[in-house]
Amino acid sequence: MNAINYGDEKSDIAVVGMFSHERRSYVISAANHGIGVKEADKDKIVKGRYRSLDAQTEATGEGLGLKIAARIVHLHGGTLELTQLTNPTIVSILLPKTAV
């Protein structure tokens with residue numbers, strides 16, 4: 001939902017799935033072009049109840065989406081990572097091969 005809410009109106013959203021032999025994990029990544037994430041906000045937005053000033057002007061919300069997603073992924077033995085912060089912003093879910 002964040003890719004839609006914070007992406008440029010005419011920007012495509014790319015979703016890619018693959019297996020990373022290097023990380024021995026299945027990887028699902030979503031990318032969009034939009035407001036991006038500042039380095040200083042990176043850890044805060046995954047911990048929850050935080051919305052950057054840029055995000056507050058773009059869309060409504062409580063700042064819980066990535067925290068909830070990260071928790072669900074964690075319960076399945078994986079991690080949620082912001083792998084690229086701006087244009088495109090890329091959020092990746094990594095699930096170890098043993099967890100699937």
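Good morning, everyone. Let me open with one side chain: Glu 81 counts as partly exposed, at 22% relative accessibility. That label covers the range between buried, under 20% relative accessible area, and exposed, over 50%, with a 1.4 Å probe and protein chains only.

Before I go on, a word on where this comes from. This is a predicted model, in which local features need pLDDT of at least 70 and side-chain atom pairs count only at pLDDT 80 or more, while totals for chains, interfaces and linings use all residues. Residues are numbered from 1 along each chain as its sequence is written, and side-chain values use heavy atoms, with hydrogens and water left out.

Back to Glu 81. What does Glu 81 form a salt bridge with? The partner is Arg 23, and the closest N and O atoms are 2.9 Å apart. The rule here asks for a side-chain nitrogen of Lys or Arg within 4 Å of a carboxyl oxygen of Asp or Glu, and by this rule the count comes to one salt bridge. Glu 81 sits in strand E3 and Arg 23 in the loop between E1 and E2, so the pair ties together parts that are 58 residues apart in sequence. Arg 23 is partly exposed too, at 44% relative accessibility.

Now the overall fold. The protein chain has four helices and four strands; these are DSSP runs numbered from the N terminus, helices being H or I with at least four residues and strands E with at least two. Along the sequence, the pattern reads α-β-β-α-α-α-β-β. Of the 100 residues in the protein chain, 31% count as buried.

Let's walk through the sheet. It is an open sheet of four strands in the order E1-E2-E4-E3, with antiparallel pairing; two strands pair if DSSP finds at least two bridges between them. E1 and E3 are the edge strands, each pairing on one side only. On average, neighbouring strands of this sheet are turned by 25° against each other, direction ignored. For that angle, axes are lines fitted to C-alpha atoms, for helices over the stretch in contact, and angles run from 0 to 180 degrees between N-to-C directions.

Going across, strand E1, residues 14–20, pairs with E2 over seven antiparallel bridges, and there Ala 14 stands opposite Ala 31 of E2. Next, E2 is joined by eight bridges to strand E4, residues 89–96, again antiparallel. Here Tyr 26 has Leu 95 in E4 as its bridge partner. Finally, E3 and E4 pair in the antiparallel sense over five bridges, with Leu 80 opposite Ile 93 in E4.

Is Ser 29 buried or exposed? It counts as buried, at 17% relative accessibility. The C-alpha atoms of Ser 29 and Ser 92 are separated by 4.2 Å, although these residues are 63 apart along the chain.

On to the loops, where the backbone gets interesting. Most residues other than glycine have a negative phi, and most peptide bonds are trans. E1 and E2 form a hairpin with four residues between them, and Arg 24 in the turn has a positive phi of about 50°. Arg 24 is also exposed, with a relative accessible area of 53%.

The loop between E3 and E4 holds Asn 87 and Pro 88. A cis peptide bond joins the two, with omega about 5°. Asn 87 has a positive phi as well, about 25°, although it is not a glycine. With a relative accessible area of 45%, Asn 87 is partly exposed.

Last, the nonpolar residues, inside and out. Which residues make up the largest nonpolar core? They are Val 37, Ile 45, Leu 66, Ala 70, Leu 80, Leu 82 and Leu 85, seven in all. Helix H4 (65–75) and strand E3 (79–84) are the elements that give two or more residues to this core. By core I mean a set of buried Ala, Val, Leu, Ile, Met, Phe, Trp, Tyr and Cys residues joined through side-chain atoms within 4.5 Å.

On the surface, Ile 4, Ile 13, Val 15 and Ile 28 form a nonpolar patch, with about 380 Å² of accessible area together. Patch residues have over 30% relative accessible area and no salt bridge; like charges are joined within 9 Å, and nonpolar side chains (Val, Leu, Ile, Met, Phe, Trp, Tyr) within 5 Å. The areas come from the Shrake-Rupley method with a 1.4 Å probe, and for residues only the protein chains shown count as cover. Ile 28 belongs to strand E2, residues 25–32, and is partly exposed, with a relative accessible area of 42%.
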